[in-house]
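Here is a short briefing on a protein model. Keep the sequence and the 3D view open as you read.

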Amino acid sequence: MSNTPSSLLNVERKDHVLTQNHTPLFTGLKKHAERNPVQFHIPGHKKGAGMDPEFRAFAGDNILSIDLINIAPLDDLHQPKSLIKDAQDLAAKAFGADHTFFSVQGTSGAIMTMVMSVCSPGEKIIVPRNVHKSVMTAIVFCGAIPIFIHPEVDKELGISHGITPISVAHALEQHPDAKGVLVINPTYFGIAADLKEIVKIAHAQQVPVLVDEAHGVHIHFHDRLPASAMQAGADMAATSVHKLGGSMTQSSVLNVKEGLVSPKRVQTILSMLTTTSTSYPLLASLDTARRRLATEGKELISQSIDLAESIRKRLSAIDQITCIGNEILGTPATYDYDPTKIIISIKELGITGYQAEVWLREHYNLEVELSDLYNILCIVTPGDTQYEADILVDAMNALAREFRHDSNDPVPEVFLPDIPVLAVSPREAFYAETELLPLDDTAGRVCAEFIMVYPPGIPIFIPGEIITEDNLKYIHENIEAGLPVQGPQDETLTKLRVIKEHRAIK
């Protein structure tokens, strides 16, 4: 578990002390359900009685009995004072934060809150170009100006890593008026930069560091994993508990340290972005996931790491398949990595990652986390056992046999286009007068919408960038490979919205 002394993992109350073994919100919800009060309030299904019977039978009465609304006994996420406050305080202690805010808008909502808490219209924020679409959405909403740092590109795998301390230092030298630095730690593929050094550089200029920790909830609770945002001294971290921490989908936390950011402003912005009908099952799952991470996390994560390493060793023995390990480390952007993320390069088989994903689904009923043109990504969590590990290894052996070919055949060349140039601010482009053009006729024009492959949700274009032939080629490659290209209003992906050009009248 966390290196924080156990005495600091408790929350003092007037009448008792809450420890990391307690679940104040979940326990309070269960007690409320046991009272079985007559409900003349929403939700209208009234503990399942007014719900479709088939769904009720499938979901179960227990979960429906705590699908409640923010009545006084159950506290209010928008202004917590009792059950939710206690649960959030325990989470803050567990994560080493001064304040923790629960999010039922996923990590996307928490990320948007971070950006909008430090940036006002026209102000600058330093961000990696391979950020999640939620970062760019927040920038559009608040009118901030992104100062992009080019992430280090892995030309063997065809993926982007993190940003380096030296690139952050250069960005701050050129833009000392920046209101924040946003860092992805770790990346979707589990790669981490030297976050402590980045924080040191930014704090020397009194610039807060915001961390997209969507794929790193577990790293805080084990010393064999990269340093977490709070351990590195960052000011805010949006952390997906649901991805790797055991809570329900769409539940996340926003961890905050006081000093360079205002917790009250964070609460205000988060409240603006959050539904007033907050989901208590999601909130309760955050409460119980925190308990397990804080009390059993180190042991559970050790088992996951050991299982992942054994899988990696077995996969590495398969001909024409490369399973990435610690050999990826050694560059300024690959300072550390999370071994529970299993990156499997299949380009030597002469197929795309998407083809491998479909084959594994059809032949082994196995679903991977992500596929791209060259790789598949699998994640190992405390929910996995040797049983699932054996299926994965057997499936990959079968995949390799199915597509094995002469080792003298050329390996597909990795193609990654250059990052587009930002011509106007994303907000200006998004709200500009636009026109819809055939995709292949848009080179040289300014994009007015997002286009990305999801997952991972990293935009190929954002509003305001100049469209290039190379990036159009990359879009076509992803479409032809069957990958989930998303974003444009035209779902057929044959047209793209661009800023309208006004030509002189003849």
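This is a predicted model: local features need pLDDT of at least 70, side-chain atom pairs count only at pLDDT 80 or more; totals for chains, interfaces and linings use all residues.

**Helix α4**
- Helix α4 covers residues 83-95.
- At 1.5 Å a residue, its 13 residues should span 18 Å; the end C-alpha atoms lie 19 Å apart, which agrees.
- Of the 13 residues in α4, 10 are buried.
- Among them are Leu-83, Ile-84, Leu-90 and Phe-95.

**Helices α11 and α13**
- Two packed helices are described by the angle between their axes and the distance between the axes.
- The axes of α11 (residues 280-316) and α13 (residues 386-403) come within 10 Å and cross at roughly 20°.
- Angles under 35 degrees count as roughly parallel, so α11 and α13 are roughly parallel to each other.
- The crossing is right-handed.
- Leu-307, Ile-311, Arg-314 and Leu-315 in α11 meet residues of α13, including Ala-389, Leu-392 and Met-396.

**Backbone exceptions**
- Most residues other than glycine have a negative phi, and most peptide bonds are trans.
- Asn-36 has a positive phi of about 55°; it sits in the loop between α1 and α2.
- Gln-320 also has a positive phi, about 65°, and lies in the loop between α11 and β13.
- Asn-36 is partly exposed, at 49% relative accessible area, whereas Gln-320 is buried, at 6%.
- A cis peptide bond joins Asn-185 and Pro-186, and Pro-186 is in the loop between β8 and β9.
- Another cis bond joins Pro-455 and Pro-456, with Pro-456 in the loop between β19 and β20.

Methods:
Residues are numbered from 1 along each chain as its sequence is written. Side-chain values use heavy atoms; hydrogens and water are left out. Helices (H or I, at least four residues) and strands (E, at least two) are DSSP runs, numbered from the N terminus. The expected span of a helix is 1.5 Å times one less than its number of residues. Buried means under 20% relative accessible area, exposed over 50%, partly exposed in between (1.4 Å probe, protein chains only). Axes are lines fitted to C-alpha atoms, for helices over the stretch in contact, and angles run from 0 to 180 degrees between N-to-C directions. Angles under 35 degrees count as roughly parallel, over 145 as roughly antiparallel, 65 to 115 as roughly perpendicular and the rest as oblique. A crossing is left-handed if the near helix is turned anticlockwise from the far one by less than a right angle, and right-handed if clockwise. Contact means heavy atoms within 4.5 Å.
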